[in-house]
Each structure stands twice: as C-alpha cells, then as structure tokens.
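Hi everyone, thanks for making time.

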Amino acid sequence: MSSAALVGIAAAVAAVILLGIIILPLINKWQFKRMPFDQQVRILMKQAKGLVYFKNISSGSKGTLIYVKNKRKILTYPWILVEGKMLCTKENPFDVWDYPEEHPELTDDEIKQAVEELEKYNDKSIVKLYLQD
C-alpha cells in the first residue's frame, strides 16, 4: 500500500471519529432543546438510568433541571442564573408532577424523596440548584 493511500485512510478514520464524537452530539443537543415538551419527555424516559435521573437543559443564563422518577414521572425545576447560582423560578416545585399530563399531586413520601434526591444532585453538581424561600 502506498503512503498516499494510508494517509487517505487515516484522514477518513479521523473524519468519522470527529463526526461521531463531536459534531453529532452537538446536533443532538441542539435538536433536543427545540423539541416539544412531550417529545423531550419520551427521550428522557428512554435515557433514564435507574430509578432516579436528572437532566439539566440550559440556554445560557436560564434553563430547566429535570428530575425523572421510575422512568414514569417528571418534575421540572425551571431556573435562572443569579450570581453564579441556579435559582429555581418555580414557586412550589413539589406541588404536582409535570408529567404525566394529568399532573397528579405528590404524596408526602414523594416530596421527601424528591427533596432528598435534589440534595444528592446538589452534592455531586458543581453548580447547585437553589429553591426560593
């Protein structure tokens, strides 16, 4: 094999790696942010690993932290960035589930678990979500 053929093969491999590692994930994030909420819910439920899953979707200085429980229920924590802190803009984030669409109220046990899971998330995360007082 000539050196020109090897260079061509190496360039093709590099292009495929670049496409798969950098460009496609960026396109997927861009598309996900622009999907309707119900389509985002379906994707998040498929992505959820385990019984508790958090996904932070941001657009500059605002965004939404999404909590998925048991791949079936979703709470959203909309936030804005204030002095480097994510401040939740939802007055009472633990009143009703944002999904399913019937918006059932959270039980006392579900509220307790959601608060505990949010605390665990904050312990692991660099930028923490702060609830309004």
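**The sheet, strand by strand**

Strands here are DSSP runs of E with at least two residues, helices are runs of H or I with at least four, and both are numbered from the N terminus. Two strands count as paired if DSSP finds at least two bridges between them.

Before going on, a word on the source: this is a predicted model, where local features need pLDDT of at least 70, side-chain atom pairs count only at pLDDT 80 or more, and totals for chains, interfaces and linings use all residues. Residues are numbered from 1 along each chain as its sequence is written, and side-chain values use heavy atoms, with hydrogens and water left out.

N56 has L65 in β2 as its bridge partner, while S59 stands opposite K62. This hairpin has two residues between the strands, with G60 at a positive phi near 75°.

Zooming out, the open sheet has five strands in the order β1-β2-β3-β4-β5, with mixed pairing. Which strands are at the edges? They are β1 (52–59) and β5 (129–130), each pairing on one side only.

And how covered is β2? Six of its eight residues are buried, meaning under 20% relative accessible area with a 1.4 Å probe, protein chains only. Thanks, folks!

Conventions: Buried means under 20% relative accessible area, exposed over 50%, partly exposed in between (1.4 Å probe, protein chains only).
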